[in-house]
Amino acid sequence: MFKLAYKNFSLATHIKSISLKKIIFAQFDLTYKCDYSCNYCYTICFNKEKYLKKELDTNKIKAILDKLYNEGILWLTFSGGDPLTRSDFLEIYKYSKEKGFLISILTNGYRIDLKLIDFFKKYRPFLIEITLNSINPKTFKKIIQKNLNSEKVLSVIKKLKKEGLPLKIKTQVIKNNLDEIPKIKKFLQKLNLKFYPSSIIYPRLNKNKFPCSLRIDKEKFFKKNLGCNQNFKKHFKFFPCTVLNTEGIQIDPYGNVFLCELIRKPKVNILRCDLKTLYNKLIDFLKDLENRYKDKCLCARCRYIYSCMWCPGKAYLETNSFIKPIDYYCLQKEILNYGKSI
């Protein structure tokens, strides 16, 4: 009954927010600090002291939360980095909980202990989302590039599941763990947890392309993500994620707001501007991008545009252009060859 009631409530809220052009979701990266240094991570470039010391203090974060509350935002996600690395996380979380946000927490799980589990039982989150990329100690350490114990995270997942807390496990599929994916899936199935893998990897936010070298073989990616689906759409949209019709925003640890996690300009700070004005500035910027580049985009003329993973955000981060194709995601040849083989 509860699941059905929430589903109906969520659907009605989203439909209404779109019609009213109202923001109802915010992802707040509280910090870029993390106990891990994952080799594929796109924010790791900011997990350095010179950047961490510029991050917002508790009072400024609360001021932002007040703005989100006054705007009527309902769903709030705390991310990073790892938000649990903040010494004031429990204070921030409790402050948000008391305002009535539906709170999701994106974490690697390493800092979750029995005390924190008891806290979450008392102040229940909407969702705890943990990234699990390996159950093998050697592979685990290779990916996170730290000498930490994988068994600790596996134990945390088991405890959270046992306590009935809302839990989702993600897995980033890269060259390092590709052979281990069936084992991760089996581990989760034993706990009656769904498996959420992703093979999509971005360059780092400073445009360092090293993470791209960890992508799995292109042919494997194509078959894994697309199969022989050839239901191609005819109409090109410059922002296939419908970011221009978004009902959500993303906030970085300095208070800057973005509509696209990959297009982080212009920088508009939520502490210096009311949310509606800020939102309209970002919408105008993205509409201007669309008007300037849509007709110049080579991908617009490709019949496979809705079957590849291209978007202007990915293109900008990897090619420094909003309109260039990305070699790894360009699937014209792969689709044609795959179609002949089936």
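Student: Which side chains meet in a salt bridge at 2.9 Å, N to O?
Tutor: In this predicted model, the side chains of arginine 292 and aspartate 288 form that salt bridge.

Student: Where do arginine 292 and aspartate 288 lie?
Tutor: Both belong to helix H10, and they are four residues apart, which is about one turn of the helix.

Student: Is arginine 292 buried or exposed, or something in between?
Tutor: Arginine 292 is partly exposed, with a relative accessible area of 40%. Aspartate 288 is also partly exposed, and its value is 33%.

Student: How many salt bridges does the structure hold?
Tutor: There are nine salt bridges. One of them joins arginine 111 to aspartate 35, with the closest N and O atoms 2.7 Å apart.

Student: Which parts of the chain does that pair link?
Tutor: The pair links distant parts, 76 residues apart. Arginine 111 is in the loop between strand E3 (102-107) and helix H5 (114-122), whereas aspartate 35 is in the loop between strand E1 (25-29) and helix H2 (49-52).

Student: Why does aspartate 35 count as buried?
Tutor: Its relative accessibility is 18%, and buried means under 20%. Arginine 111, at 36%, is partly exposed.

Student: What about lysine 170, which residue does it bridge to?
Tutor: Lysine 170 forms a salt bridge with glutamate 129, and the closest N and O atoms are 3.0 Å apart. Lysine 170 lies in strand E5 (residues 167-172) and glutamate 129 in strand E4 (residues 127-131), so the pair ties together parts that are 41 residues apart in sequence. Glutamate 129 is buried, with a relative accessible area of 11%, while lysine 170 is partly exposed at 28%.

Student: How many bridges do E1 and E7 pair over?
Tutor: E1 and E7 pair over four bridges, in the parallel sense. Glutamine 27 stands opposite glutamine 250 in E7.

Student: Changing topic: how many aromatic pairs are there?
Tutor: The structure holds 17 aromatic pairs. The ring centres of phenylalanine 119 and tyrosine 123 are 5.0 Å apart and their planes are at 45°, so this pair is tilted. Both residues are buried.

Student: Which pair is edge-to-face?
Tutor: Phenylalanine 238 and tryptophan 310 form such a pair, at 6.2 Å centre to centre and with 65° between the planes. Phenylalanine 238 is in the loop between helix H9 (218-225) and strand E7 (248-251), and tryptophan 310 is in the loop between helix H10 (275-293) and helix H11 (312-319), so the pair ties together parts that are 72 residues apart in sequence.

Student: And their burial: what is the relative accessibility of phenylalanine 238?
Tutor: Phenylalanine 238 has 0% relative accessibility and counts as buried. Tryptophan 310 counts as buried as well, at 4%.

Student: Which residues do ring pairs link into a cluster?
Tutor: The cluster consists of Phe78, Phe89, Tyr93, Phe119, Phe120 and Tyr123.

Student: Last one: which ring does the charged end of lysine 99 sit over?
Tutor: The charged end of lysine 99 sits over the ring of tyrosine 69, 4.5 Å from the ring centre. Lysine 152 likewise lies over the face of tyrosine 110, at 4.3 Å from the ring centre.

Methods:
Residues are numbered from 1 along each chain as its sequence is written. This is a predicted model: local features need pLDDT of at least 70, side-chain atom pairs count only at pLDDT 80 or more; totals for chains, interfaces and linings use all residues. Side-chain values use heavy atoms; hydrogens and water are left out. Rings of Phe, Tyr and Trp (its six-membered ring) pair if their centres lie within 6.5 Å; planes under 30 degrees apart count as stacked, over 60 as edge-to-face and the rest as tilted. Buried means under 20% relative accessible area, exposed over 50%, partly exposed in between (1.4 Å probe, protein chains only). Helices (H or I, at least four residues) and strands (E, at least two) are DSSP runs, numbered from the N terminus. A charge sits over a ring if NZ of Lys or CZ of Arg is within 6 Å of the ring centre and within 35 degrees of the ring normal. A salt bridge is a side-chain nitrogen of Lys or Arg within 4 Å of a carboxyl oxygen of Asp or Glu. Two strands pair if DSSP finds at least two bridges between them.
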